[in-house]
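Please read them with the structure open.

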Amino acid sequence: MSEIKQEELNSTNQNVEKADETDWAAAKAHYENLKSKKPRPPKPKNAVTIAVSSRTLFDMVKDRKVFEEEGLEKYVEYQQEHENEPLKPGSAFPFVKALMTVNERLRTLYPDSEELFDIVLMTNNHAQVGVRLMNSINHYDLTIERFCMTGGQSPIGYLKAYMTNLYLSKDTKKVQEAIEEGIAAAIMYKPDMMMELSETQLRVAFDGDAVLFSDESEIIVKQHGLDTFFEHEKQHENKPLAQGPLKCFLEALGKLQKKIYAKNERLDCPIRTFLVTARSAASSGARVLKTLRSWGLEIDEALFLAGAPKGPLLQKIRPHIFFDDQMFHIEGAKEMGTIAAHVPYGIGQKYNKGKLIEQPEKLQK
Amino acid sequence: AQNSLIIALQHHDIFDLESPNADTEVLPKGIAFSFIKAVHAVNQRLVSHNSSESLGFEVILIANECSEESKVKIVENVKHYGMEICKFYFCKKDEVIKTLQSNNVKLFLSTDSDEIYKALHADVPAAVLYDQTGVLDQLKVTFSGDIIGLPEDSLDSLADLGFSEAQIKTFKSAKICMKEFAGLIGEMRRRFGHENSPLCTCLITVWGSRNICLSALKTLGGWGLDVDEAFCMAGAPCSPILALVKPHILWDGGLHNLRDVPNFEL
């Protein structure tokens with residue numbers, strides 16, 4: 001199995017494995033046979049699998065309203081009536097296009113490799129809504145060949161069955177469940193205005209604490225204040241932080257980057273990663289960089305803001321996606337045109353702008 | 001019922017005759033038990049929605065090469081378990097196909113892929129039976145989209161993958177045979193809403209790309225069946241997904257039952 005995948009799927013039955021291999025060979029032969037110009041999707045165990053929900057891939061705000069106001073039956077009917085009308089792009093659309101660009105480059109440099117991005121549509125919509133989704137995917141010619149339309153069932157089991165490396169959705173509960181199951185996941189937000197993003201390079205920005213790293217240090221800030229935090233970080237500078245939910249995704253990106261570097265294309269790499277942290281370089285930055293080094297991970301640009309707002313800097317970076325655990329930063333990013341993805345992990349979920357949220361969290365549908 | 005969906009099962013799938021307890025008066029349950037239970041639940045719900053409902057499942061039992069003693073045992077056990085089996089056919093092994101053909105069977109279920117293929121070859125709709133004991137409270141019917149979604153000329157091109165003419169002919173006629181079953185299941189499905197249905201239909205495309213899956217969805221729709229769930233694997237391993245879908249029955253037109261097809265280029 002490729003190093004990109006963290007877990008190995010337990011397949012105890014040899015006959016089952018043999019059958020799966022036959023299916024794989026048949027699909028491969030079939031693709032080549034149909035002389036399709038479309039590239040064949042990679043084997044999931046070798047690929048970086050990104051699962052996107054229908055509402056993140058496409059703008060389904062209007063459709064969601066029909067569901068909420070008129071119920072499931074009317075919603076499915078509505079989608080069937082509009083099945084030939086392509087949906088408009090959603091918050092994850094630019095990210096998906098950028099993944100496709102990286103795949104093109106990787107295929108040129110390594111024509112036989114399956115270490116590529118594999119994009120899966122993971123939705124608990126009913127299959128009849130799927131006709132419109134597939135027509136829309138055809139309309140934009142996206143390379144999404146795999147999908148799960150679970151007809152109302154939870155997608156979590158399917159995420160694992162597809163060996164998902166990253167799951168993007170608008171549903172808080174599903175994302176939380178995924179994170180609890182050890183799958184990197186985030187809730188996508190559409191920015192208040194659209195900015196022009198790179199069409200040749202995938203740009204991914206990460207917050208540090210409670211995203212790439214665990215929330216251990218953030219707990220200290222929230223419970224004991226900044227001064228204690230600075231002291232603590234200086235003392236433990238050489239002790240690596242524990243990993244956070246998005247660490248494995250950064251790792252997967254890093255492995256693909258190394259393949260590009262191996263072909264002498266470092267200066268023209270189609271993947272660029274950014275760390276955008278509220279930590280300050282002087283007092284608490286070293287520990288972060290040393291942790292990354294101890295993991296054998298590289299990040300292209302590390303930006304220490306020392307508490308300054310992230311919005312303006314992100315506007316300059318123009319990432320296709322920015323991961324952060326705190327809604328305060330997500331809002332700030334959104335307001336200034338950055339596509340933000342909330343990682344609902346750690347102590348940050350109990351606070352809002354530094355103040356402890358007393359009431360229980362509002363239940364989201 | 002007038003508008004019956006006749007399903008044929010064999011006694012060795014209904015009762016576990018391999019079990020060490022098979023000598024006792026009461027036979028141990030076999031793989032088909034959960035299916036029969038789920039079918040019963042669908043029939044009950046159909047009638048509860050409309051007491052003069054004419055659409056429903058009818059299960060018939062086929063037993064081959066049975067002694068007189070076994071015949072009695074089988075009938076007694078069906079009664080003991082309260083199974084709604086309306087007809088029993090005791091015949092010789094080589095008469096099974098004829099029995100299926102002459103009884104307007106809409107679907108023959110088996111766990112033996114050779115048997116299934118033979119039935120399809122004789123224009124009898126047939127599908128794989130799975131054991132989902134204690135797992136689901138709804139009947140899960142799954143179709144593979146690979147044959148359904150392929151247009152005629154693409155089915156012919158399967159010859160390049162090493163399938164024989166006879167096999168391709170079987171796939172084509174399997175597709176035609178399936179139309180009636182799909183239409184009836186679709187009608188049944190429409191008696192219930194999207195939620196809380198005792199019947200759930202699913203499409204899984206194992207080899208094909210998304211357009212084959214889309215084509216299969218539309219074809220089934222044209223036959224009167226709007227499936228609830230759809231999965232497109234495009235060659236990704238299918239067993240982890242099937243383990244979650246948990247079908248009671250899976251129709252694949254014989255395509256995936258032929259595991260030992262020659263000439264696949266790796």
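1. Which residue forms a salt bridge with A:Arg105? The partner is A:Asp268, with the closest N and O atoms 3.5 Å apart. A salt bridge here is a side-chain nitrogen of Lys or Arg within 4 Å of a carboxyl oxygen of Asp or Glu.

2. Conventions. This is a predicted model, in which local features need pLDDT of at least 70 and side-chain atom pairs count only at pLDDT 80 or more, while totals for chains, interfaces and linings use all residues. Residues are numbered from 1 along each chain as its sequence is written, chains are lettered from A and ligands numbered from 1 in the order in which they are written, and side-chain values use heavy atoms, with hydrogens and water left out.

3. Domains of chain A. The assignment gives domain 1 (48–188) and domain 2 (202–356); such bounds come from an automatic or database domain assignment. Taken over C-alpha atoms, the centres of the two domains of chain A are separated by 26 Å.

4. Area between the domains. Domain 1 and domain 2 of chain A bury about 2300 Å² between them, and 76% of it is on carbon and sulfur atoms. Buried area is the accessible area (1.4 Å probe) that two parts lose on being put together, summed over both. A:Arg105, A:Leu109 and A:Tyr110 supply 24% of what domain 1 of chain A buries against domain 2 of chain A, more than any other three residues.

5. Polar links between the domains. There are three salt bridges between domain 1 and domain 2 of chain A. Seven residue pairs are in polar contact between these domains (both at pLDDT 80 or more). A polar contact is a pair of N or O atoms within 3.5 Å; within protein, one must be able to donate a hydrogen and the other to accept it, and residues adjacent in sequence count only if both atoms are side-chain atoms.

6. Helices (H or I, at least four residues) and strands (E, at least two) are DSSP runs, numbered from the N terminus.

7. Chain B against chain A. In this interface, 42 residues of chain B are in contact with 47 residues of chain A. The area buried between the chains is about 3900 Å², with carbon and sulfur atoms giving 59%. One salt bridge is counted between chain B and chain A: B:Arg210 meets A:Glu145 at 3.4 Å, N to O. The rule also finds 13 residue pairs in polar contact across this interface (both at pLDDT 80 or more).

8. β5 (residues 146–149) of chain A and β8(B) pair in the antiparallel sense over three bridges; two strands pair if DSSP finds at least two bridges between them. Within β8(B), B:Phe231 is the bridge partner of A:Cys148.

9. A further salt bridge. A:Asp59 and A:Lys190 form one, their closest N and O atoms being 3.9 Å apart. A:Asp59 lies in strand β2 (residues 58–59) of chain A and A:Lys190 in the loop between β7 and β8 (202–206) of chain A, so the pair ties together parts that are 131 residues apart in sequence.

Notes
Contact = heavy atoms within 4.5 Å.
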